[in-house]
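Reader: I would like to learn how to read a few features from a set of coordinates. Please take them one at a time.

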Amino acid sequence: MSTRIELQEKDYSDLFPVGEDLQSQIGGRRRREGLARILFMVVLIVAISALATLLYTIINAAFGMTAIINTVEPDTIVADVGHDPEETGLADLTYDELVVVLEGSVTNNVGRRLERDQRFYEDRFVFENEATWSEICASSQPPTGCDAAPRDKSNVLQLVNERVVEPDVVKTWELIPSLFEREAIEAEIRSEEFQAANPGARPEFRAWLNWQFVTSPQSPNPETAGVRTAILGSLWVIALTVLFAFPVGVGAAIYLEEFARPNRLNQMIQTNINNLAGVPSIIYGMLGLAILVRVLEPITSGSFLGEGGSATENGRTIISAGLTLGLLILPVVIIASQEALRAVPNSMRAAGLALGATKWQTIRKHILPAAMPGVLTGSILATARALGETAPLVVVGASTFIITDPSGPFSKFTVLPIQIFQWTSRPQDEFRNIAAAAILVLLILLIVMNATAVFLRNRYSRSN
Amino acid sequence: MTSEVRMSEGEVTERVRPQGASQSQSSDASEVATPLGVIVTEGMSVYYGKFRAVADVSLSFATNEISALIGPSGCGKSTVLRSLNRMNDLVPGARVEGSVRYHGDEIYHEDVDPVEVRRKIGMVFQKPNPFPKSIFENISWGAKVNGFKGNKSEMSDLVQEALESAALWDEVKDKLNESGYSLSGGQQQRLCIARAIATKPDVILMDEPASALDPIATLRIEELMLDLKNDYSIIIVTHNMQQAARVSDRTAFFNVKLNDQGMRTGRLVEYTETSQLFTSPKVQETEDYITGRFG
Amino acid sequence: MTAEARSVAVPAPFKKRRRVGETLIRGFLFACGALSVATTVGIVVVLSQQALLFFLDDEVTFAEFFSGTSWQPAIGQFGIWPLVLATLMVSVIAMVVALPLGLASAIYLSEYASQRVRAVIKPILEVLAGIPTVVYGYFALTFMTPMLRSIFGVSNVEIFNQASAGVVVGILIIPLISSLAEDALHAVPSTLREAAYALGATRLEVATRVVVPAALSGITAAFVVAISRAIGETMVVAIAAGASPKNFTFGDDSLFGYILNPFEAGETMTGHIVRISGGDVSYNTIDYNSIFAIGLTLFLVTLGLNMLSRRFVERFREKYE
């Protein structure tokens, strides 16, 4: 008791700051508060500027001035064919005109080789003749042109570019300098010393990302290379990924949320899925390599269907890639779908069952449609992630150089991110430029996918 | 506290408007000039965005007394309480008009930092909310943040005194390092009271402090309140009329009124000594409420 | 009563009908769920099997693998430390960048920011999170490396270096930490904040002395997940960090000038796997099997980290439920 009185008589006022002391204490705290706010602002600015710098770096490299030497100027070619170069560009020429140009410019040997890789016409030959053709196609190692579809315009246009125009970019500039110092750059290109080192070079503003870039197949020359093969490869692979991961993922989510009893086995499955979501993507690539490419080679190479037969046929095909990525995004799809299903109120389930519907009927007709916006959003986001994946597909075995478009699930493939990876890894400057252009294509595809996700989500939630 | 007072016509001695002079329904019905109140509001209205939650409240809370705010739910009593220590500042869109003065100083003056207000006007909440720290740290936290200059043993004394004042010391003196969550609901609430006391405030606001507790714990809290009023001024909000009757010296009755636009605004109906309010209230509404005709 | 009830036939409408369709569907759905288990089993079996082949080879010993500091398959040296060290170096740099920035961003978004600011910042963070890692790799090589070289000197910073990759991996991870930490902070009940404000605390004091300590296990879980992500990151390091293992010997090589120098090139575990498997590698060679041994190590480490982070999340949930 006495302690209590003692303590109560103790005046704590000398232990708490008062008067001026108090003001300075509060002032100090207020200053710290202000400082903290500034620090937070700095952090956010760093985050925003990181994104801005990244986009800036890419756009800066995808457009800019070049010093370019063409062996034959496109305008000359156009004029030779009989058109006015002011009105018509090389890309505006017809297929036949382009073939004629090619015919007149390349040697017969080169021409025959080109035709054997891929024909120009279904019904007639440009460099080969009927007899030799049947002979070589009947041999034990027929060239690819025997079976493949004939070339299309962007293909031939690229050939003309590569073999006739033969553009050679000797120096590139970034976009910002190109816009603001254009005269200085042009002067530099036209200067004597520059012309001495690079005769015939002329200045040209080049948008490395242009329609030709998107439609041309791959090529070892950065000036004429395009991302068509890669884009088509990506689309094929993603299609298979979705075809596999969506039904299986949603199915697993339905099982876990609606059917599974909370016993040990199901808990283990759930934990397992959560763990899988955190496994590095390259491990999935190794899984795909070992099982899909090697063990299941007869299936994934298509040989069980009688396809292939060429010595280079193996399991490094689109279907292997698609299934590998499917396994990769499967845990993400499952978790997102589970959350969407969980958000559906239980009253809906009770109502369905009370009306005499079976569990599956209730799910199919009521629960799943209600959960669909969330399921779709999650799946599309997972698919967008798969679109950008590189490492697992390198491991599974994307082709390092492939120029023919994929024709089916059993084709060899390359995908857009891998194309970017390869081009970025090359030392020459021009590869930097087309890598940036390819990145822009990839980012645009991703934006479209994400926008679709948002759109579908809004549309579905409105109709509900 | 800074010195500028906003409402120029207010003198330091507060006098509540005498009853006869008021024509409007919204003025309070107190009749005596109370002694200098520790907190005095005049014409205080609280808005959340466009919605006027409470209108035109003029009250004077006396020192070393327990004042209770009662009324049906939605009448704005909690809003009024939270305005007294600027806790409503934390709600985006909240706005206070009118004057709220603590020892004569306007607390909503633009130069006043709410931090300063809250050291002197503490608060205990409806659901006990101790920090996920040890019992000792729960009490010492507030003191440290407010610049406690003492050494370790002086801090221990402070903690002990706070716990004793909250009638909790004997129960926890052997387990000061255990988590605050290891206590029962009633003990946690007393811990929160001890925590509020440790910063040596002047006024303690309590927002339905016993409504989440069982009757025995409630009783202990009420005993504690009566004990504490010797050192602090206490203002409580309670939905339990009997509680107000048991502990408070003065009671204010609030009610919801529908205005012509259909908005429900809380208004002060009557504020007087507790014994008077519960035996012979001046306003019919008050009588209807305490006899249970609505609520 | 029961005996009689049993002898009465079950009325027709209530008989349990065999719904074959339902059973089939149920089976299919279960198979979908079980496929995930098959995936894990597959990963473990594949990695272990090939790794075993690797270790069974005469050229390789466990001891050398786990303690050797030189990885040169051409001359039969298989010490994993050069790769592990590079992985650690990149991850540590990444965490040094990402932890403070991510946590600060989370605190700001959770405790300070108004709805309008959040509506701007959160989408930006989501965009950063959605950019493919190969694009970050490009950024590391074409922007970060030149910048580091101009700051620290061209002779001090190699063209391929771990610091550049580390910083960019850090930037990559910031959105991850920010969103996980923000979830943890958000889960702290508002009543705790109110109590702290009522004691006269400033916003910073409430945030750092009440909310963050209360959310600590959740925040720790976020950190652990981020570390796991940094370790498993592949493309940024494959492009920017280096394309050959940085072999070293203690004693011969300077510790801070070479071994622990972030401005040197160094191939990480993931970068090595990608390089070897992207080239010409024939099955059943020791080179092929070696990448599985590395992969197994990687898998076990990230699995361990993820399980650890789950433990922290459990502890966090227990507190507030």
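Reader: Which residue takes a positive phi in the hairpin of β1(B) and β2(B)?

Author: This is a predicted model, to begin with. The residue is Gly49(B), with a positive phi near 65°. The hairpin has 2 residues between the strands.

Reader: In which sense do β1(B) and β2(B) pair, and over how many bridges?

Author: Strand β1 (residues 39–48) of chain B and β2(B) are antiparallel, with 7 bridges. As an example of residues facing each other, Met44(B) is opposite Val57(B) of β2(B).

Reader: Which other strand of chain B does β2(B) pair with in the parallel sense?

Author: Strand β10 (residues 264–273) of chain B, over 2 bridges. There, Arg267(B) of β10(B) is the bridge partner of Ala55(B).

Reader: How many residues of β2(B) are buried?

Author: In a regular strand the side chains alternate between the two faces of the sheet. In strand β2 (residues 51–61) of chain B, 9 of the 11 residues are buried, and the strand is mostly covered.

Reader: What span should α4(B) have, given its number of residues?

Author: Helix α4 (residues 152–165) of chain B has 14 residues, so at 1.5 Å a residue it should span 20 Å. The end C-alpha atoms of α4(B) are 20 Å apart, which agrees. The buried residues of α4(B) include Leu158(B), Val159(B) and Glu161(B).

Reader: Is Ala167(B) buried or partly exposed?

Author: A residue counts as buried if 20 or more other C-beta atoms lie within 10 Å of its own. Ala167(B) has 18 other C-beta atoms within 10 Å, so it is partly exposed.

Reader: What is the phi of Lys200(B), and where is this residue found?

Author: Phi of Lys200(B) is positive, near 55°. Lys200(B) belongs to the loop between α6 (185–197) and β7 (203–207) of chain B. With 21 other C-beta atoms within 10 Å, Lys200(B) is buried.

Reader: How many helices and strands are there in chain A?

Author: Chain A has 21 helices and 3 strands. Its radius of gyration is 32 Å, well over the 23 Å that the globule rule gives for 464 residues, so chain A is more spread out than a compact globule. The C-alpha atoms of chain A fill a box of roughly 115 × 70 × 40 Å along the principal axes. Of the 464 residues in chain A, 41% are buried.

Reader: Which domains does the assignment give for chain A?

Author: Domain 1 (2–64), domain 2 (66–211) and domain 3 (228–463). The C-alpha centres of domain 1 and domain 2 of chain A are 63 Å apart. Their contact takes 6 residues from domain 1 of chain A and 11 residues from domain 2 of chain A.

Reader: How many residues does the contact take from chain C and from chain A?

Author: Chain C gives 64 residues and chain A gives 63 residues. On the side of chain C that touches chain A, helix α2 (residues 20–56) of chain C gives the most, with 18 residues. By class, that side of chain C has 39 nonpolar, 21 polar and 4 charged residues.

Notes
Residues are numbered from 1 along each chain as its sequence is written. Chains are lettered from A and ligands numbered from 1 in the order in which they are written. This is a predicted model: local features need pLDDT of at least 70, side-chain atom pairs count only at pLDDT 80 or more; totals for chains, interfaces and linings use all residues. Two residues are in contact if their C-beta atoms, placed from the backbone, lie within 7 Å. Helices (H or I, at least four residues) and strands (E, at least two) are DSSP runs, numbered from the N terminus. Ala, Val, Leu, Ile, Met, Phe, Trp, Tyr, Cys and Pro count as nonpolar, Asp, Glu, Lys and Arg as charged, and the others, Gly among them, as polar. A residue is buried if 20 or more other C-beta atoms lie within 10 Å of its own, exposed if 12 or fewer, and partly exposed in between; C-beta atoms are placed from the backbone. Two strands pair if DSSP finds at least two bridges between them. Domain bounds come from an automatic or database domain assignment. The radius of gyration is taken over C-alpha atoms; the globule rule is 2.2 Å times the number of residues to the power 0.38. The expected span of a helix is 1.5 Å times one less than its number of residues.
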